[in-house]
Amino acid sequence: MTGATPVFCDINPHTFNLDPDSLKEQVERVLREGTLTPKAVIPVDLFGEPAEFPRIEEICREYHLLLMEDAAQGFGGAIQGKRACCFGDVSATSFFPAKVLGCYGDGGAIFTDDEEMYQKLLSIRVHGKGSDKYENIRLGLNARLDTVQAAILLPKLRALDEEITVRNRMAARYSEQLEGIVEPQAVLDGYFSSFGYYTVQARDGAHRDAIMKELKEQGIPTMIYYPIPLHLQKVYEPLGYQKGDLPVCEALCERVFSLPMHGYLTQEQVDFICDTIKSL
Ligand SMILES: Cc1ncc(COP(=O)(O)O)c(C=O)c1O
């Protein structure tokens with residue numbers, strides 16, 4: 001919408017997050033080719049685990065790039081105690097119902113400690129308002145958070161830490177019981193995941209299909225996050241990406257899937273799910 005051209009990077013095969021080496025390679029490639037001007041980096045905190053910000057921040061400083069944290073899934077995560085939504089120049093999270101802190105419709109929040117950006121965002125949120133909402137000084141959006149959604153988020157925010165503790169306990173239980181069968185998303189040393197989603201790698205596509213089919217027969221829902229990598233989405237066809245351009249990401253799309261995860265999951269439920277998988 002801003003006219004910018006996305007350039008995609010590959011990911012770490014264990015954390016599934018942006019690979020800083022790939023980011024550096026892509027920035028260098030773009031600079032070498034000279035057609036585009038690198039401006040900003042948008043790393044995603046996938047499934048609740050913050051992206052590798054210490055290294056990404058270094059690269060952004062070196063190449064003078066704005067850093068925008070996509071913390072839609074990151075809320076509640078942390079690196080060495082520093083919370084997700086605090087990394088880079090500006091960060092956005094989502095309160096869509098499937099997220100760690102979900103409302104009952106659509107919602108989200110932006111975080112920045114840059115006063116100028118903050119004032120601009122307040123204006124964009126209300127149709128580009130100026131000194132009041134009937135003076136318009138720029139193009140804007142209707143991006144207000146509904147009061148009803150905010151009323152749902154407030155008590156859920158108070159319960160969030162406890163829910164994230166349960167999510168972490170259940171993730172550890174899954175990982176322990178499924179060791180040697182599937183490989184869970186790796187959480188780096190010093191990193192804390194809010195486990196918005198619990199995602200594992202099967203050996204290959206056929207193994208994934210077999211597990212998902214068995215779970216479905218037992219009434220256990222699973223999801224594939226995500227079946228099509230961004231660079232191969234139809235919307236980006238004009239950019240000319242081909243299969244094979246980002247091999248790690250493409251291989252993972254073939255074999256990852258997510259198991260039930262929420263703040264009220266019980267040990268018995270996790271055990272039942274793991275027993276179903278182990279029965280194969
Ligand atoms: C990583 C990521 N970015 C952005 C979004 C978009 O959030 P929303 O649907 O609230 O605009 C989502 C969720 O849909 C997401 O998972």
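**Burial, cores and backbone angles in a predicted model**

Biologist: Why does Cys85 count as buried?

Modeller: Cys85 has 5% relative accessibility. Buried means under 20% relative accessible area, exposed means over 50%, and partly exposed lies in between, with a 1.4 Å probe and protein chains only. The 5% of Cys85 is under 20%, so Cys85 is buried.

Biologist: What kind of model is this, and how are residues numbered?

Modeller: This is a predicted model, in which local features need pLDDT of at least 70 and side-chain atom pairs count only at pLDDT 80 or more, while totals for chains, interfaces and linings use all residues. Residues are numbered from 1 along each chain as its sequence is written, and side-chain values use heavy atoms, with hydrogens and water left out.

Biologist: What phi does His127 have, and is His127 buried or partly exposed?

Modeller: His127 has a positive phi of about 55° and is not a glycine. His127 is found in the loop between α3 (115-125) and α4.

Biologist: Which residues does a cis peptide bond join?

Modeller: Tyr225 and Tyr226 are joined by a cis peptide bond, with omega at about 5°. Tyr226 has its place in the loop between α5 and α6 (247-255).

Biologist: What makes a set of residues a nonpolar core?

Modeller: Such a core is a set of buried Ala, Val, Leu, Ile, Met, Phe, Trp, Tyr and Cys residues joined through side-chain atoms within 4.5 Å. The largest one has 22 residues, of which Tyr174, Tyr198, Phe257 and Leu259 touch the most other members. Two or more residues each come from α4 (147-177), β9 (198-201), α5 (205-217), β10 (256-259) and α7 (267-278). A second, separate core of 16 residues includes Cys9, Val27, Ile56 and Tyr63.

Biologist: Which residues is Leu259 in contact with, and what does contact mean?

Modeller: Contact means heavy atoms within 4.5 Å. Neighbours within four places in sequence aside, Leu259 has contacts with Tyr174, Leu178, Tyr198, Leu215, Thr222, Ile273 and Ile277.

Biologist: Why is Val100 called buried, and what is Val100 in contact with?

Modeller: The relative accessible area of Val100 is 7%, which is under the cut-off for burial, so Val100 is buried. Val100 lies in the loop between β5 and β6 (108-111). Leaving out neighbours within four places in sequence, its contacts are Phe75, Leu160, Glu163, Ile164, Arg167, Ser194 and Gly196. Phe75 is 25 residues from Val100 along the chain, yet their C-alpha atoms are separated by 6.8 Å.

Biologist: How do you know that Val30 counts as buried?

Modeller: Val30, in helix α1 (residues 20-33), has 8% relative accessibility and therefore counts as buried. Apart from neighbours within four places in sequence, Val30 is in contact with Val7, Thr35, Leu36 and Pro38. Val7 and Val30 are 23 residues apart in sequence and 8.6 Å apart in space, C-alpha to C-alpha.

Biologist: How do you know that the radius of gyration agrees with that of a compact globule?

Modeller: The radius of gyration is taken over C-alpha atoms, and the globule rule is 2.2 Å times the number of residues to the power 0.38. For 280 residues a compact globule would have a value near 19 Å; the protein has 20 Å, which agrees. Along its principal axes the C-alpha trace spans about 65 × 50 × 35 Å. Buried residues make up 41% of the 280 residues.

How values were computed: Helices (H or I, at least four residues) and strands (E, at least two) are DSSP runs, numbered from the N terminus.
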